[in-house]
Amino acid sequence: MERYQHLKQTDPEIYDLIRKQINYESSTLKMIASESFVSFSVLEACGSILTNKYAEGYPGARYYEGNEFADQIENLAIDRAKQLFGAEHANVQPYSGSPANNVVYRALLKTGDKLMGMPVPSGGHLTHGWKVNFSGMDYVQIPYGPHPKTGKFDMDQIRQTAKKERPKMIWVGATAYPHKIEYKDFAEIANEIDAYLIADIAHINALIIAGVHPDPVPYCDVVSSTSHKMLRGPRAGFLLSKIEDRLQSKYFSDHQLNLAQRIDRAVFPGLQGGPHLHIIAGMATAFQEALTPEFKNYGVQIVKNAKKLAESLLAKGYCLAGGGTDTHLLILDFRNENFTGKDAAKALARSGIIANFNMVPDDPRSPFVTSGVRLGTQSLTTMGMKEPEMEKVADWIHRVCQNITRIDEESTKIRQEIADFCSQFQIPGITKPC
Ligand SMILES: *Cc1c(COP(=O)(O)O)cnc(C)c1O
């Protein structure tokens, strides 16, 4: 908290709430699969005076003067993104993951066009064509999802749907799919029907960097990502793409823009004004951290931890959607229990395990209560936890679930045990030196 001394003087109310959030995050287990801890370096870049600068446009082509250093910062972020993912082109200006996805639609589709995407209850993101989102209002979603029995993609069925409906775009990516995604198989289908293939790696980018998840970059026209989930960067989005548009002659006979140019123009001036330079600087710093061997080890350990946690929970008799995990996330399946996903998520949170309730395949309960809880291991891995700690976490989860009706007494005890346990670890951006 010594980093917040000015705020303490000038705005004690906000200071106090940040202090409380810091205490909360450092005394609980952050198992929300989309969150992480950024380093002090990322925090400093994001908290810098770069927030003052207007830099509308792109490096070398700005609409405001005084952007010499802004250009260098954005170019560093772009170069590091390309190096990190082996991409031909990168745009680091999207304000977050959802705006990045909006860019892809505006760049490549016309209103009313069909896309294939996963509905939210199947594990897809709102921006993959869900009805209450712009993507479902302005475009037509052809749904697909994991097979209700196996919890995995059935590629024959997906190919059949694609051939029948002939969408112009296929979204591959999820917020709640615990298995590996074979982009190569999706690319074959996209090729057969002349559809753009878009990977959304918001959740799993660190696993791709670490080489423990298939790499979409060689197979997809565009790859969309956030930087604030397991990549441990600021809240932002970025887009990777090929330079050439393999479907240009089919869909854009009137234009002479390549794919990279189409994406850039859709970001600015299509959807956004000035880029958030302080956030782009933080992203560049996060990319630099992600280029290190330590980051690869982190990616590898995330999956080892998730597998260990899954194994420990299965051994205690719990069901997991899709039977287990080969990513960072697992979904506890409470369809056969007399409590809901929401009951469990609330009881877990009172006990110091912070997660979210989540639909399971073929969920008989409503999306407002659900039968599942989604857990991710990336933040615990960032704290330095390994397999033995995952067994402890499984024990706590088990105790909470067993005591769900009288959780108030038990949760106070567990909450304290977890706070003591967390204090043994260093947390980036909170307690970890450097
Ligand atoms: C989180 C997420 C997004 C959106 O990111 P926001 O920054 O919350 O807008 C998009 N796609 C997927 C798959 C995600 O998990």
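Close-up 1. Strand E7 (residues 169–173) has 5 of its 5 residues buried, so it is largely enclosed by the rest of the structure. Buried here means under 20% relative accessible area, with exposed being over 50% and partly exposed in between (1.4 Å probe, protein chains only). Met169, Trp171 and Gly173 point one way from E7, while Ile170 and Val172 point the other way, and all are buried. Keep in mind that this is a predicted model, where local features need pLDDT of at least 70 and side-chain atom pairs count only at pLDDT 80 or more, while totals for chains, interfaces and linings use all residues. Residues are numbered from 1 along each chain as its sequence is written, and side-chain values use heavy atoms, leaving out hydrogens and water.

**Close-up 2. E7 and the strands it pairs with.** Helices (H or I, at least four residues) and strands (E, at least two) are DSSP runs, numbered from the N terminus, and two strands pair if DSSP finds at least two bridges between them. Strand E5 (residues 114–117) runs parallel to E7, joined by 2 bridges; Met116 has Ile170 as its bridge partner. E7 also pairs with strand E8 (residues 196–200), again in the parallel sense, over 5 bridges. Here Ile170 stands opposite Leu197, and Gly173 has Asp200 as its bridge partner.

Close-up 3. Follow the order E4-E10-E9-E8-E7-E5-E6 and you've walked through an open sheet of 7 strands with mixed pairing. Strand E4 (89–91) and strand E6 (140–143) stand at the edges with a single partner strand each, so one side of each is left without a neighbour in the sheet. From one strand to the next, the twist averages 25°. Helix H8 (residues 183–193) packs on the sheet and touches E7 and E8, its direction making about 175° with that of E7. Contact means heavy atoms within 4.5 Å; axes are lines fitted to C-alpha atoms, for helices over the stretch in contact, and angles run from 0 to 180 degrees between N-to-C directions.

**Close-up 4. Helices H13 and H16 crossing.** The axes of helix H13 (residues 293–315) and helix H16 (residues 387–402) come within 8 Å and cross at roughly 40°. H13 and H16 are therefore oblique to each other; under 35 degrees counts as roughly parallel, over 145 as roughly antiparallel, 65 to 115 as roughly perpendicular and the rest as oblique. Among the residues that meet are Leu309 and Leu313 in H13 and Met390 and Ile397 in H16.
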